[in-house]
Amino acid sequence: MAGGRKRSPAGSSRLSASLSAIWTDKHMVLFKAEYTFLVAAVLWVLEIGINAWVIQKVAYTEIDWKAYMDEVEGVINGTYDYTQLKGDTGPLVYPAGFVYIFTALYYITDHGLNIRLGQYVFAGFYLITLLLVFRIYHRTKKVPPYVFFFVCCASYRIHSIFVLRLFNDPVAMMLLFGAVNLFLDAHWTLGCALYSLAVSVKMNVMLFAPGLLFLLLSEFGLIKTLPKLILCAVIQLFLGLPFLLENPVGYVSRAFDLGRQFLFKWTVNWRFLPEEIFLSRYFHLALLFAHLATLIFFALKRWKRSGSSIWALLKDPSERKETAQKLTADHILSRFSHFFYVWYYHTLPYLLWSGGVKKLAHLLRVLILGLIELAWNTYPSTTYSSVSLHVCHLIMLLCLWLNPTPTPQALQTESQNKAKRH
């Protein structure tokens, strides 16, 4: 027909050219970052089958799910005093967002009794998390695609945490990676809101707060950062309001307990220490000091731009001496990746391939990933597994420290090169 639609020759030719390029480079598809999307898409589809197989064939392990259901059942029955809410494993120690999300899961899974359905819901959480993580790697194009096999298919422990244990950590991390994607797209206000929701599921997400604060100050300065911090606080107050009205001290002390004592039998990375040292408050304070000192050193020497003062971050970007540069995906992730396994597992490839030691061979990086996975899967942990985990962490930290701080000119050149590729 004369009036019928014709196929676009330009569209067909572009598809043909893309397929031709893939076929020409077929032996390099697993090694070139340009093929991140293709490899990630294949692995994501493969993960649907893997999760279904794990749920059907591997025995479910009851650890915290029944306790979660007991805790939210107390709220459903009208108890809003956090000090009165508890499950099989102890008192409720998670913020209000956890209560609302797991109340929904309580009803979805027939009062928590339909565990198989709950496993499939968590498989959905896993696939959403993986999608968000792959999108981040697609944006950065730093890591060769073959490494993504180790980000998903190769980890028994991560599948176990999601679909065999049904912990609340995966829910928090799913929300966190959603927030990171929003930050990459420059939706800072919405990203901060989602980040605060992640904190409301489990307090550990606050480990990412120093990096986020640095990013907000870099992008907006102090005055324009304050409304976003206030938004995060207001969300916490709004979610916790029913419990704050009932017993404010009880809610804050339970949901955000910074002094919780962990049992030595569960340690993964400190097995080589005597138990009395592990339980010592002085040791805990020393670790906190070392953590804060490391953050401060990185902020002063590695995160800020070369030749600029850290105090310049407090100024509006338009008032700073150096030319303002838009934050790229690399800058956001390098300041947002932090050290529980699921809390940093998906960031490990980025940390390893972002280090400043160019001679750190691909095989050695993969070996570090394997050793970390082995250490986390060793139960009970041993002196050797704990030491090897520390060594791997120290190597990564050293490589990140040796990563040169880019100058404004280098950032501009990098931005121009990326623009040309696109």
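From here we can look at helix packing, the nonpolar cores, a few loop residues and the confidence of the prediction.

**How helices pack**

- Two packed helices are described by the angle between their axes and by the distance between those axes.
- For helix 3 (residues 65-76) and helix 4, the angle is about 100° and the axes are 9 Å apart.
- Angles of 65 to 115 degrees count as roughly perpendicular, so helix 3 is roughly perpendicular to helix 4.
- Now try a second pair: helix 13 (residues 281-303) packs with helix 17 (residues 383-402) at an angle of about 25°, and their axes are 11 Å apart.
- Angles under 35 degrees count as roughly parallel, so helix 13 is roughly parallel to helix 17.
- Helix 13 brings Thr294, Phe297, Phe298, Lys301 and Arg302 to this contact, while helix 17 brings Leu397, Leu400 and Trp401.
- By type, the residues where helix 13 touches helix 17 are 5 nonpolar, 1 polar and 2 charged.

**Nonpolar cores**

- The largest nonpolar core has 99 residues, and the members that touch the most other members are Phe102, Val205 and Ile372.
- Phenylalanine 102 deserves a look of its own: beyond its neighbours within four places in sequence, it contacts Trp65, Tyr68, Met69, Val72, Phe122, Leu166, Phe167, Asn168 and Val171.
- Another core, of 7 residues, lies apart from the largest one and includes Phe214, Leu217, Leu295 and Phe298.

**A histidine in a loop**

- Find histidine 346 in the loop between helix 14 (329-336) and helix 15 (348-353).
- Is histidine 346 buried or exposed? Its relative accessibility is 2%, and buried means under 20%, so histidine 346 counts as buried.
- Setting aside neighbours within four places in sequence, histidine 346 contacts Thr129, Leu130, Val133, Tyr137, Val151, Ile158 and Phe177.

**Backbone details to spot**

- The peptide bond between tyrosine 379 and proline 380 is cis, with omega of about -5°.
- Proline 380 sits in the loop between helix 16 (362-377) and helix 17.
- Aspartate 110 is not a glycine, yet its phi is positive, at about 55°.
- You will find aspartate 110 in the loop between helix 4 and helix 5 (115-140), and its relative accessible area of 47% makes it partly exposed.
- Alanine 186, also a residue other than glycine, has a positive phi near 70°.
- The loop between helix 8 (169-184) and helix 9 (188-201) holds alanine 186, which counts as partly exposed at 47% relative accessibility.

**How confident is the prediction?**

- Over the protein chain, the mean pLDDT is 85, and 83% of the residues reach 70 or more.
- Which elements have the lowest and the highest mean pLDDT? Helix 14 has the lowest, at 45, and helix 4 (residues 96-108) has the highest, at 98.
- Residues 323-339 stay under 50 in pLDDT, and the model gives them 62 contacts beyond four places in sequence.
- Residues 418-422 also stay under 50, with 1 contact beyond four places in sequence.
- Where pLDDT is low, predicted coordinates should not be read in detail.

Technical notes
Residues numbered from 1 in each chain as written. Predicted model: local features only at pLDDT ≥ 70, side-chain atom pairs only at ≥ 80, totals over all residues. Heavy atoms only, no water. Axes fitted to C-alpha atoms, helices over the stretch in contact; angles between N-to-C directions. Helix = DSSP H or I, 4+ residues; strand = E, 2+ residues; numbered from the N terminus. Parallel < 35°, antiparallel > 145°, perpendicular 65-115°, else oblique. Contact = heavy atoms within 4.5 Å. Nonpolar A, V, L, I, M, F, W, Y, C, P; charged D, E, K, R; others polar. Buried < 20%, exposed > 50% of the residue type's maximum accessible area, 1.4 Å probe, protein only. pLDDT = per-residue confidence, 0-100. Core = buried A, V, L, I, M, F, W, Y, C linked by side-chain atoms within 4.5 Å.
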